[in-house]
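Have a look at the structure first, and then we'll go through a few spots together.

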Amino acid sequence: MSAIQILLLIGAYFLVLMTISYFTGKNDSNADFFKAGKKSPWYLVAFGMVGASLSGVTFISVPGWIEASEFSYMQVVLGYLVGYFVVAFLLLPIYYKYNLTSIYEYLLERFGKVSHKTGAFFFFISRVLGASFRLFLVAIVLQQFVFDDLGIRFEFTVVVSILLIWIYTFKGGIKTIVWTDTLQTLFMISAVVLSIVLINNELGWGFGEFLASEELKEYNSFLVLDSFLERNHFVKSFVGGMFITICMTGLDQDMMQKNLTCKSLRDAQKNMVSFSIVLVIATLLFMYLGALLFIYAGKNGISIPLMDGTPKSDLLFPEIALNSGLGISLAITFMLGLIAAAYSSADSALTSLTTSFCVDFLDLEKREETTQKRIRKRTHIAMSVLLILVIISFKYILSSNVIDGLLTVAGYTYGPLLGLFTFGIFTKHKVKDNYVWIVALISVITIALLGNVDPEYLGGYVVGYELLPLNGLLTFIGLWLIRDRNAEANID
């Protein structure tokens, strides 16, 4: 598939998104931008959230991770499933009770202004890094397989990607995204299923034959139980996955903003439960695809592509889809899935960053009504520029597998949110609000130091995703130490 053909496909795809944006953004109000008028059908939100959760990271990085980690990532995914039920039945009732626009307003109600700003700040850092990780991965694929052939620089690729997202979200915001995410999820799941079918056909297999093959057995090891010292031991992965979901979904404005557009709490809970089941099935399909890609590459002498002289397993899927001679059908399928995966997470990230910054930092709802829309639109532009700068910087500093890097960073940045919300929900204590940011900062620094300790000094123990719950625990202990002993919150 030529670079020009891919550009035409991208152009056609964005015309569809902009058509959706035209109809959903006619009102151009803050109420629709932030909450979609609280009229979103739950099943539409649930299906769209699958694409936003999977993103370009899952679409490329999970298949590329199979050779090194086999199916052990599924241990993390099972933890995700439990975490989603915690979100549905513990956190969502609180958000609906307070009728929140930004979920960090809960911290204002519970503790005070400093806690509110601290929580919003850590979300802001988390989401900027997370969204940038996801878009960076897609940008390097587009760069290597499209724009390098046209002599276009990586920086231009990033700018164009963010500009296109801004164009179709600047009016409708979350109302537009509920609908575009549904379309993008459909493209993404269709792409992985068709890719599995087409590559199996090329190998002369049916899906059942692939599942029973000796070649698959080399990759589909699931449980890691040999040594608790290992980073991906089942218990560490499962518990880490559960807390990653609670934080990266339940304590994340990006994911919760979609849930808060549902008509009622019951609808939001139905959305969360059904979404979690579909997500687990979809992730398993991505892992089967990853195994299939390595099997196909081994049988056909295809090497892992290089990026800056270093093998990059994340690029194996695009290499096979676009350059291995499997035909235009697989190439088109891959590109539609990749574009859908990238923009289904990036567009909602841009909208949630705009929402959080307006509500949590600029106190938009306290401003004069005549200026609120202008502030929102300027903030939307500022968030776009920020994402561009961070994504470009990743090209020069990022070296690890992207999904591994994303989950590692989550352990640092989401921990204070976990500690703050846990303390607020499970205790009645008020805290000395002015010291909350100090507690959060100390916790993050401690965890960052611990995460970089040589395993030799820990008796061979390799620190993994358990950094996230440990970070939350340290924050909880810190809040306990600064609690106000003379006051209790009035919690119903």
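To talk about a surface patch, we need a rule: patches are made of residues with over 30% relative accessible area and no salt bridge, and nonpolar side chains are joined within 5 Å. Keep in mind that this is a predicted model.

With that rule in hand, which residues form a nonpolar patch on the surface? They are Tyr435, Trp437, Ile438, Leu441, Ile442, Ile445 and Leu449, and together they have about 700 Å² of accessible area. Ile442, one of them, lies in helix α19, which covers residues 436–451. An α-helix has 3.6 residues a turn, so residues three or four places apart point the same way.

Now for a covered spot. Ser132 lies in helix α6 (residues 113–147). Is Ser132 buried or exposed? Its relative accessible area is 0%, so Ser132 is buried. The Ser132 side chain reaches the backbone oxygen of Val128 at 2.6 Å. Setting aside neighbours within four places in sequence, Ser132 is in contact with Arg127, Leu387, Val390, Ile391 and Phe394.

Helix α14 (residues 316–323) is mostly covered too, with six of its eight residues buried. Those are Leu316, Phe317, Pro318, Ile320, Ala321 and Leu322. After α14 comes Gly325, which has a positive phi near 80°.

Positive phi also turns up in residues other than glycine. Asn99 has a phi near 50° and sits in the loop between α4 (73–97) and α5 (105–110). Asp363 has a positive phi of about 50°, and its place is the loop between α15 (328–361) and α16 (369–397).

The Glu214 side chain makes a polar contact with the side chain of Lys217, at 3.1 Å.

| Residue | Relative accessible area | Class |
|---|---|---|
| Glu214 | 53% | exposed |
| Asn99 | 49% | partly exposed |
| Asp363 | 29% | partly exposed |
| Cys247 | 0% | buried |
| Cys262 | 0% | buried |

And how many disulfides does a search of the whole structure find? The count is zero. A disulfide here would need a pair of cysteine sulfur atoms within 2.5 Å.

Notes: Residues are numbered from 1 along each chain as its sequence is written. This is a predicted model: local features need pLDDT of at least 70, side-chain atom pairs count only at pLDDT 80 or more; totals for chains, interfaces and linings use all residues. Side-chain values use heavy atoms; hydrogens and water are left out. Buried means under 20% relative accessible area, exposed over 50%, partly exposed in between (1.4 Å probe, protein chains only). Patches are made of residues with over 30% relative accessible area and no salt bridge: like charges are joined within 9 Å, nonpolar side chains (Val, Leu, Ile, Met, Phe, Trp, Tyr) within 5 Å. Accessible areas come from the Shrake-Rupley method with a 1.4 Å probe; for residues, only the protein chains shown count as cover. A salt bridge is a side-chain nitrogen of Lys or Arg within 4 Å of a carboxyl oxygen of Asp or Glu. Helices (H or I, at least four residues) and strands (E, at least two) are DSSP runs, numbered from the N terminus. A polar contact is a pair of N or O atoms within 3.5 Å; within protein, one must be able to donate a hydrogen and the other to accept it, and residues adjacent in sequence count only if both atoms are side-chain atoms. Contact means heavy atoms within 4.5 Å.
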